Every structure is written in C-alpha cells, then in structure tokens.
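Reader: I have just opened this entry and would like to go through it with you. Could we begin with a single residue and work outward?

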Amino acid sequence: MAINLRRALGALAATSLMLTGAIAAAAPASVAAPAIPTMTGIRTGQNTGFDRVVLDLTAGPAPAVRYDLVDELIADGSGEIVWLTGEFFIAVTATPAAAHDDAGNPTYPGPQKFRTRNLRNVMAVAVTGDYEGVLSIGLGVRSRTAVTVFTLTSPNRVVIDVRH
C-alpha cells in the first residue's frame, strides 16, 4: 500500500508541475518595449575642415539616421515651410527618437530655431519635427558640401558633420 501511495503522490506532483508549466507558458511574458531615446540638447562646434552639430539623446536603441539636401525645410505634421537662414538646406531624421517624454512634455529645453554664428558653413539649426518616433532637424548652410551623419552610443548622440 505504501508503494501505491508513493506512486499516487508522484503522479499528483508530476501532474501539478505540468499544469503549472502550462499555465506559466500560456501567460504572456511582460516585455517592456525599449525606450525611445529623447533629445536633451543640441551642441555645435567648428572643427578643422567641418562644422559639427550634435544631438544629445537619452538611453535607448541608437536611432537610424539619414539626411537629404533639400530646397526648403518642411515642418512635419503641418507641411508649412520652416524659414531658416541659409542658402541651402539639409534635412536630417533620426528614428526612433523624440524631443518629448511619454506625457508629451518637451525633453529639449532649448530654442526650436537658432543661428550658429560660430560656424563657417552651418548658419542655423531648427527642430522641424517630433512625431511618432521620428525626430527631424534642419540645417541652413552657406554652401553645398559633403555631409556625414552618424550615431554614437554611451551616451547616445546623433552627429552631423558639414564640410566647410
């Protein structure tokens, strides 16, 4: 009788473990989506042979970046022209990135547009969009030259280099 009781308890324990595993497997794992990096600052500097604009970002996945040489800068959402000092314009996008937190509060305390009198080619910078995980920045420049856009991590940054 002791052997039958042990078998019964063993079977009960095995069944209990299987049910617990099935319930745990059926419950969806709560996986937090990675935080979208938010812009906290824009820095500019003149270097030998190029001007540099840096977008400082919070932690999160490094955004993909791209740029286009455009005839005019367009505000995301409204489609309005963004008037900015410059003979030529560079539109830069970073995805995923934002300039606001989850509650909609701005994370970038600086001006939406500003002149860059300390640079040789870049004349002005503007935040042209912050919508659905796409952060858009526009640059007004004196001359059409080579542009390099890339990201750095630890901390996250978007770097825009514009040749003189």
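Reader: Is Asp 161 buried or exposed?

Author: Asp 161 is buried, with a relative accessible area of 11%. Buried denotes under 20% relative accessible area, exposed over 50%, and partly exposed the range in between, with a 1.4 Å probe and protein chains only.

Reader: Before we proceed, what conventions apply here?

Author: This is a predicted model, in which local features need pLDDT of at least 70 and side-chain atom pairs count only at pLDDT 80 or more, while totals for chains, interfaces and linings use all residues. Residues are numbered from 1 along each chain as its sequence is written, and side-chain values use heavy atoms, with hydrogens and water left out.

Reader: Back to Asp 161, then. Which side chain meets Asp 161 in a salt bridge?

Author: The partner is Arg 52, with an N to O distance of 2.6 Å. A salt bridge here requires a side-chain nitrogen of Lys or Arg within 4 Å of a carboxyl oxygen of Asp or Glu. The pair links distant parts of the chain, since Asp 161 belongs to strand β11 and Arg 52 to strand β2, 109 residues apart. Strands (E, at least two residues) and helices (H or I, at least four) are DSSP runs numbered from the N terminus. Arg 52 itself is partly exposed, at 26% relative accessible area.

Reader: How many salt bridges are there by this rule?

Author: The count is 4. One of them joins Arg 43 to Asp 56, with the closest N and O atoms 2.9 Å apart. Arg 43 is partly exposed at 42%, whereas Asp 56 counts as buried at 18%.

Reader: And what meets Asp 71 in a salt bridge?

Author: Arg 144 does, at 4.0 Å from N to O. Asp 71 lies in the loop between β3 and β4 (73-74), and Arg 144 in the loop between β9 and β10, so the pair ties together parts that are 73 residues apart in sequence. Asp 71 is exposed at 69%, and Arg 144 partly exposed at 43%.

Reader: Changing topic: what does the secondary structure come to?

Author: The protein chain has 1 helix and 11 strands.

Reader: In what order do the strands of the 4-strand open sheet lie?

Author: The order is β1-β2-β11-β10, with antiparallel pairing; strands count as paired if DSSP finds at least two bridges between them. The edge strands are β1 and β10, each pairing on one side only. Between β1 and β2 there are 8 bridges, and Arg 43 has Val 54 in β2 as its bridge partner. β10 and β11 are joined by 6 bridges, with Val 147 opposite Val 162. These two strands form a hairpin with 4 residues between them, and Ser 154 in the turn has a positive phi of about 60°.

Reader: And which order does the open sheet of 5 strands have?

Author: That sheet runs β3-β6-β9-β8-β7, again with antiparallel pairing. Its edges are β3 (64-70) and β7 (113-115). β6 and β9 pair over 7 bridges, and Phe 89 is partnered with Gly 140 in β9.

Reader: Which residues touch the most other members of the largest nonpolar core?

Author: Met 39, Ile 42, Val 53, Val 122, Ile 137, Leu 139 and Ile 160 do, in a core of 24 residues. A nonpolar core is a set of buried Ala, Val, Leu, Ile, Met, Phe, Trp, Tyr and Cys residues joined through side-chain atoms within 4.5 Å. Elements giving two or more residues to this core include β1 (39-47), β2 (50-57) and β11 (157-163), and β9 gives the most, with 4. A second, separate core of 8 residues includes Leu 73, Val 82, Leu 84 and Phe 89.

Reader: What does Ile 160 touch?

Author: Leaving aside residues up to four places away in sequence, the contacts (heavy atoms within 4.5 Å) of Ile 160 include Asp 51, Arg 52, Val 53, Val 92 and Leu 139.

Reader: Finally, what share of the protein chain do buried residues make up?

Author: Buried residues make up 34% of the 164 residues. Among contacts with a separation of 6 or more, 59% join residues 24 or more positions apart.
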